[in-house]
Structure formats: C-alpha cells, structure tokens
Amino acid sequence: MEAKKVCEVLLNSEKNMPMIGLGTATAPLPTNEALTSILLDAIEIGYRHFDTASIYGTEEPLGEAVSKALELGLIKTRDEVFITSKLWCTDAHPDLVLKALQTTLKKLKMEYVDLYLIHWPVRLKPDIEGFNFTGKDVIPFEIKGTWKAMEDCYRLGLAKSIGVSNFGIKTLSLLLENATISPAVNQV
C-alpha cells in the first residue's frame, strides 16, 4: 500500500514541514518496545512528521522506530521523516539548551532534529521531575539568552528549524524584539 502524500508548509528556515504529524505524548507511557512498534506502524501507513519532547519519555522509542523503518526499507533516508522535539522547562536556560538538545539527539540516535521548540515560556527549578510542580517551583525565565542558545543550536546544524510552543502574544513579542532568527512556529 502506497502512502498518500501529506501537504507541507515551507518554514522560514526553508525546511518543509508535513502539516499532519503524530504526537507522542501519552499516559500511561507504554513500554519502549510497544511504543516503537506503534511508531513503526505509523511510518508504515504514511506518517512522516513526529512530535516528541524530552518530558514525554518517547524520544528513544521514536529513534528506534526510525532506525527500524530504515532497516526495513519503509523509508530510504532519515530526511524522509520530520522530527520535532522540545526543550523542557528545567533546561530553559542559556547554559543548558545545547546540552539538552545533545541529550535529545543521543536518545533519538540522530544527528539533528528538524524542529526544536521551547516547550513552555517558563523555567522550573532543576530538580523538578515531570509535571509535578507548583508555582514555587517556577524560577525566572531569561528569554533573550535562552533564545540565543536556540539560535546557536540552529547555526550548529543540530536543529534545522527552531521555534516555540505555548507562547502567548506578550512573550512572543518580547522574544521577537531580541531574535536574530524568528521562530519557525508557535505550536499551541
């Protein structure tokens, strides 16, 4: 069965992004083996855009599914899939962005992501795990420096496009005042 072509949109980075993608956030989280199988099935039926994040715990199974799809000939090259991942709030600091992306790439077993997003315009204390946090766990978010670090990830070729997620008008406007590279998307 040949997969139907999904419409794409051209991002400001000159990268085409499929307009339909499969999100990988789920609760409860299946085993890595089960999730890899699900994602491999998705590739087989034609999905080419996958959305993950460090907080989801799905980067490793997604990377494994892409590797298996290559082995099985479901896709010929890594470039046939569009992978989005996100910087979690505990790493939303200029000194932590690159390391966080490198960790994501290691989990995915990839040299780059197609789109890397700041997950939320919030910074959390480093010792916070998962979504279990309160207002007292929020610390100042230095948007200018964090975005500059995102731009550095783009310039290094580790992220083919960069953007944000869950940003409101005020925060997005502040980011744009200081950006050298405008976000490719605001995923909401």
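Biologist: Where does Lys109 lie in this predicted model?

Modeller: In this predicted model, Lys109 lies in the loop between helix 3 and strand 6, the latter spanning residues 115-118.

Biologist: Why is Lys109 called exposed?

Modeller: The relative accessibility of Lys109 is 55%, and exposed means over 50%, so Lys109 counts as exposed.

Biologist: What is the phi of Lys109 near?

Modeller: Phi of Lys109 is near 60°, which is a positive value in a residue other than glycine. Asn166 also has a positive phi, near 65°, and is likewise a residue other than glycine.

Biologist: Where is Asn166, and why is Asn166 called partly exposed?

Modeller: Asn166 is placed in the loop between strand 9 (162-165) and helix 5 (169-178). Its relative accessibility is 23%, and partly exposed covers values between the 20% cut-off for buried and the 50% cut-off for exposed, so Asn166 counts as partly exposed.

Biologist: What makes Leu108 buried?

Modeller: Leu108, found in helix 3, has a relative accessible area of 0%, and buried means under 20%, so Leu108 is buried. Setting aside residues up to four places away in sequence, Leu108 touches Glu59, Leu62, Gly63, Ile83 and Val113. Leu108 and Val66 are 42 residues apart in sequence, and their C-alpha atoms are 8.7 Å apart in space.

Biologist: At what angle do the axes of helix 4 and helix 5 cross, and which residues make the contact?

Modeller: The axes of helix 4 and helix 5 cross at roughly 65° and come within 9 Å. Ile143, Lys144 and Trp147 of helix 4 make the contact with Thr171, Leu174, Leu175 and Asn178 of helix 5. These residues divide into four nonpolar, two polar and one charged, and the crossing of helix 4 and helix 5 is right-handed.

Biologist: Why does Pro30 count as partly exposed?

Modeller: Pro30 is found in the loop between strand 3 (22-23) and helix 1 (32-44). Its relative accessibility is 27%, which lies between the cut-offs of 20% and 50%, so Pro30 counts as partly exposed. The C-alpha atoms of Pro30 and Gly57, 27 residues apart along the chain, are separated by 9.9 Å.

Biologist: How do the residues Ala27 and Pro28 join, and where does Pro28 lie?

Modeller: A cis peptide bond joins Ala27 and Pro28, with omega about -5°, and Pro28 lies in the loop between strand 3 and helix 1.

Biologist: What feature does UniProt place at residues 20-188?

Modeller: The unreviewed UniProt entry places the feature "domain: NADP-dependent oxidoreductase" there. In the model, the end C-alpha atoms of residues 20-188 lie 14 Å apart, and the span is 37% helix and 15% strand.

Note on methods. Residues are numbered from 1 along each chain as its sequence is written. This is a predicted model: local features need pLDDT of at least 70, side-chain atom pairs count only at pLDDT 80 or more; totals for chains, interfaces and linings use all residues. Side-chain values use heavy atoms; hydrogens and water are left out. UniProt positions are given in the numbering used here, feature names are shortened, and annotations may be inferred rather than shown by experiment. Helices (H or I, at least four residues) and strands (E, at least two) are DSSP runs, numbered from the N terminus. Buried means under 20% relative accessible area, exposed over 50%, partly exposed in between (1.4 Å probe, protein chains only). Axes are lines fitted to C-alpha atoms, for helices over the stretch in contact, and angles run from 0 to 180 degrees between N-to-C directions. A crossing is left-handed if the near helix is turned anticlockwise from the far one by less than a right angle, and right-handed if clockwise. Contact means heavy atoms within 4.5 Å. Ala, Val, Leu, Ile, Met, Phe, Trp, Tyr, Cys and Pro count as nonpolar, Asp, Glu, Lys and Arg as charged, and the others, Gly among them, as polar.
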